[in-house]
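User: Let's talk through this one. Could you walk me through what its residues are up to?

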Amino acid sequence: MAYVITIANQKGGVAKTTTVASVCGALAARGLRVLAVDLDSQADLTLALGASPGGLHGSMADVLLNGASLESILVETAVPKLHLAPSTSEMDKVERFLPMRSDYVNALRSALAVGDLPRAYDVVLLDCPPFLGAVTTSAMHAAQLLVIPTQPEYFSAHALRNMMSAIRNVRSQGNPDLVYRILITMQDRRNRIHRTLSEQIQATFGEGLLQTVIEVDTKLRESAIAGLPVNYYNVKTRSTQQYDNLAQELAQYVPSKAVQPA
Ligand SMILES: Nc1ncnc2c1ncn2[C@@H]1O[C@H](COP(=O)(O)OP(=O)(O)O)[C@@H](O)[C@H]1O
Ligand SMILES: [Mg+2]
């Protein structure tokens, strides 16, 4: 059965989308069958994985509002074994209309359970919009693991507190086994405040913090523009190595799925 990882933080610009694209690339390179799901109306992930909005035959909005099957909207990417469930600006409507459905928190979980989907992929990654609305909530209900990217910045603490309270709600409302892990992104090792705040996050969250840290790397911006995960854009850059380390760390959570040597 596919293992579902949701990447969320109510804060924007913390590398949610970059992390989804890069981890998907790293897992696919290691031989896993990966599905990337774009849930943000900005469609950044859709673009970062090279899909052109004009060439789509449906989006996650059709799945969540119009009853289209997830399988019917999938597109292939330039990366072998990596498929994409794309988004469009229509996802804005989902945020408004999804809560009118009864049991809407399970909408994504149900969409991922249809037909052969659970057997077609080893890992599914969900990229969320930058707020704790209906879409992010249903993505948290669909997941076994929630990864919360955060920058080591003072103003990130508030967002982390809100995420913790959202996790408590999701656990008490139907997904009791949801595990979370925090990921430090865009760290600048030379920046003393970054180092201090990273240590504080470590002290506060202990094993809730992933060991891998993603540092600043401009190649991540370039790869998104090129429409490729960073490891397919520049195999030598340090974020390729760091995201591969992260993929290995996350793969330890995927049941009975030994990660292939790259
Ligand atoms: N490690 C990094 N180093 C440098 N730039 C990064 C890094 N991670 C992400 N970025 C850039 O920061 C911006 C925000 O990242 P993005 O993944 O879109 O965040 P989110 O999805 O949380 O809004 C993008 O322009 C992205 O290319
Ligand atoms: Mg994003």
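Analyst: Thr136 sits in helix H8 (residues 134-142); helices are DSSP runs of H or I, at least four residues, numbered from the N terminus. This is a predicted model, where local features need pLDDT of at least 70, side-chain atom pairs count only at pLDDT 80 or more, and totals for chains, interfaces and linings use all residues. Residues are numbered from 1 along each chain as its sequence is written, chains are lettered from A and ligands numbered from 1 in the order in which they are written, and side-chain values use heavy atoms, leaving out hydrogens and water.

User: Is Thr136 buried or exposed?

Analyst: Buried means under 20% relative accessible area, exposed over 50%, and partly exposed in between (1.4 Å probe, protein chains only). Thr136 has a relative accessible area of 2%, so Thr136 is buried.

User: Which residues of the largest nonpolar core touch the most other members?

Analyst: A nonpolar core is a set of buried Ala, Val, Leu, Ile, Met, Phe, Trp, Tyr and Cys residues joined through side-chain atoms within 4.5 Å. There are 47 residues in the largest one, and those touching the most other members are Leu39, Met60 and Leu70.

User: Is Phe97 buried, partly exposed or exposed?

Analyst: Phe97 belongs to helix H5 (residues 91-97). Its relative accessibility is 36%, so Phe97 counts as partly exposed.

Notes: Helix = DSSP H or I, 4+ residues; strand = E, 2+ residues; numbered from the N terminus.
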